[in-house]
Amino acid sequence: MLYVVLFFTFFSIFLYVFLGGADFGAGIVELFSSRENQRLNRDTIYKVMGPIWEANHIWLIILIVILWIAFPEYFNIIIIYLHIPLTLVLLGITMRGVAFIFRHYDAVVGQSQVWYNRMFRISSLITPIFLGMSFGALVSGKIVFAENGEVSFQQIFMNPWLNIFTILTGLFYAALCAFLASTLLIGETSGEVRKMYSRKSAIATMVLVIIGGMVLLYGYFQEMVFVQDFLRNTYSLLAIFLSAVLLFPLWRGIKKQYRTQTRILAGIQILLVLFAAVHTHFPSLIITAKGEINMLEGAAPESVINVLGISLIIGGAVILPGLFHLMKSFNMIRFSNNETDTK
C-alpha cells in the first residue's frame with residue numbers, strides 16, 4: 001500500500017501543478033496584458049475556467065492530507081519551518097477566490113470592480129511565487145532546526161525561503177503557470193484572440209527556459225547539493241534533454257495554434273520537469289543544513305498506510321471519473337480532427 005500512497009502523492013502534485021498552475025496562470029496572463037486586452041482576457045477566463053476553477057485546489061488538499069497522515073515527519077518540517085510562505089500562499093488563494101467571485105457576481109459595478117481586478121491579478125502572481133519559493137526552501141539545504149536555542153528567528157523562519165535561489169524557483173513556477181494558461185487558452189479562442197494567446201504562449205515558453213537555466217546556474221555556482229546532484233543524475237539529465245527536444249514540436253504547435261498537440265506536449269513537459277526534480281533525491285526530498293531527510297524512514301506505521309491506501313483507491317475511483325465528466329461537460333477535454341477547430 002505504500003506504493004499506492006506514493007502514487008497518489010505524486011499524482012496530486014502533478015495535477016495541482018498542471019491544473020492549478022493553469023488556473024493561476026490565467027490571472028498572470030491577464031496581469032501582463034494591455035488595458036484593452038484585460039477585459040477580453042477576463043471574459044475568456046470566465047468562459048474557460050469559471051466552471052471548474054474550484055476543483056483545482058482539491059489536489060492540494062489531498063496532498064496535504066497524505067503528508068499529514070502518511071509522512072508526519074515531512075509534514076511537521078514543512079508546516080513549522082515554512083509556515084510564513086505557506087500562510088502567504090493561503091492568503092493569496094483566499095484573496096484570489098474572493099476577487100474571482102466578487103468581480104463577476106457583485107451587483108455593484110463601479111470602483112470596487114477595479115480593486116477586485118487588481119486583487120485577482122496580483123494574487124494570481126504572488127501565490128505561485130510563494131509556492132515555488134516553498135519548494136525551493138525544501139531542497140536548498142538552508143533549513144536549520146531549532147534544537148539548542150542558539151539560532152535566531154531570522155535563521156529558522158526567514159533565511160530558508162527568502163533567498164535568491166528560492167526567489168528564482170518561485171519565478172520559475174509563476175512562468176510555468178503563465179505558459180500553461182496561455183497554451184490552454186489557444187484552443188479556446190479563434191481569430192486574432194487565438195493569435196494573441198499563441199504569442200503569449202511563445203513568450204512564456206522563452207521566459208520559462210531562461211529562468212529555469214538561471215535556477216540551475218545559480219545553484220551550481222553556489223554549490224547547492226540539490227543542483228549539484230541534479231546535474232550528476234543521468235535520468236534527470238535525460239528527462240531535461242528530452243524536454244528540450246520536445247520544445248521544437250511544442251514551439252511549432254504554438255506557432256500553428258494547434259489545440260490538442262500543444263496541450264499534450266505541455267503536459268509531457270510538466271511530467272518531465274517533475275520527474276527530473278523528484279528522481280534526483282527521492283526518497284530524500286528535504287535537504288537541511290545538517291543533511292537529507294528520508295521520506296520513507298519517517299513514514300507512518302504500516303496499519304495507517306494500509307487504511308490510507310484503501311481510502312485513496314476508493315476516493316480516486318469516485319473523484320477521477322467525476323473530474324473527467326466535469327471537464328468533458330465544459331469542453332476542457334475534447335479531441336478534434338481539425339487542430340485549429342474551436343467549436
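1. Gln 257 sits in the loop that runs between α11 and α12. This is a predicted model, and in it Gln 257 has a positive phi of about 65° although the residue is not a glycine. Its position is just after α11. Gln 257 counts as buried because its relative accessibility is 17%, and the cut-off for buried is under 20%.

2. Glu 223 also deserves a look at the backbone. Its phi is near 55°, again a positive value in a residue other than glycine. Glu 223 belongs to the loop between α9 and α10. Its relative accessible area is 62%, so Glu 223 is exposed.

3. Pro 283 is placed in the loop between α12 and β1 (286–288).

4. Helix α11 covers residues 234–255, which makes 22 residues. At 1.5 Å a residue they should span 32 Å, and the end C-alpha atoms are 32 Å apart, so expectation and model agree. At the start of α11, a side-chain oxygen of Asn 233 comes to within 3.0 Å of the backbone nitrogen of Tyr 235.

5. Which residues of α11 are buried? They are Ser 236, Ala 239, Ser 243, Leu 246, Leu 250, Gly 253 and Ile 254. The elements covering them include α8 (164–186), α9 (191–221), α10 (225–232) and α12 (260–281).

6. Leu 168 is part of helix α8. With a relative accessible area of 11%, Leu 168 is buried. Leaving out residues up to four places away in sequence, Leu 168 touches Ile 211, Met 214, Val 215 and Tyr 218. The C-alpha atoms of Leu 168 and Ile 129 are separated by 8.9 Å, while the two residues are 39 residues apart along the chain.

7. Aromatic pairs number 15 over the whole structure. One of them is Phe 100 with Phe 120: the ring centres are 5.7 Å apart and the planes stand at 45°, so this pair is tilted. The pair links distant parts of the chain, since Phe 100 is in helix α5 (residues 83–105) and Phe 120 in helix α6, 20 residues apart. Phe 100 and Phe 120 are both buried.

8. A further pair is formed by Phe 226 and Phe 230, with ring centres 6.3 Å apart and planes at 35°, so it too is tilted. Both residues lie in helix α10, 4 residues apart, about one turn of the helix. Phe 226 and Phe 230 are buried. Elsewhere, ring pairs join Phe 7, Phe 8, Phe 11 and Trp 59 into a cluster.

9. Arg 121 is located in helix α6 (residues 111–139). Setting aside neighbours within four places in sequence, Arg 121 is in contact with Gly 27, Glu 30, Leu 31, Gln 38 and Arg 103.

Note on methods
Residues numbered from 1 in each chain as written. Predicted model: local features only at pLDDT ≥ 70, side-chain atom pairs only at ≥ 80, totals over all residues. Heavy atoms only, no water. Helix = DSSP H or I, 4+ residues; strand = E, 2+ residues; numbered from the N terminus. Contact = heavy atoms within 4.5 Å. Expected span 1.5 Å × (residues − 1). Buried < 20%, exposed > 50% of the residue type's maximum accessible area, 1.4 Å probe, protein only. Polar contact = N/O pair within 3.5 Å; in protein donor to acceptor, adjacent residues only side chain to side chain. Phe/Tyr/Trp six-rings, centres within 6.5 Å; stacked < 30°, edge-to-face > 60°.
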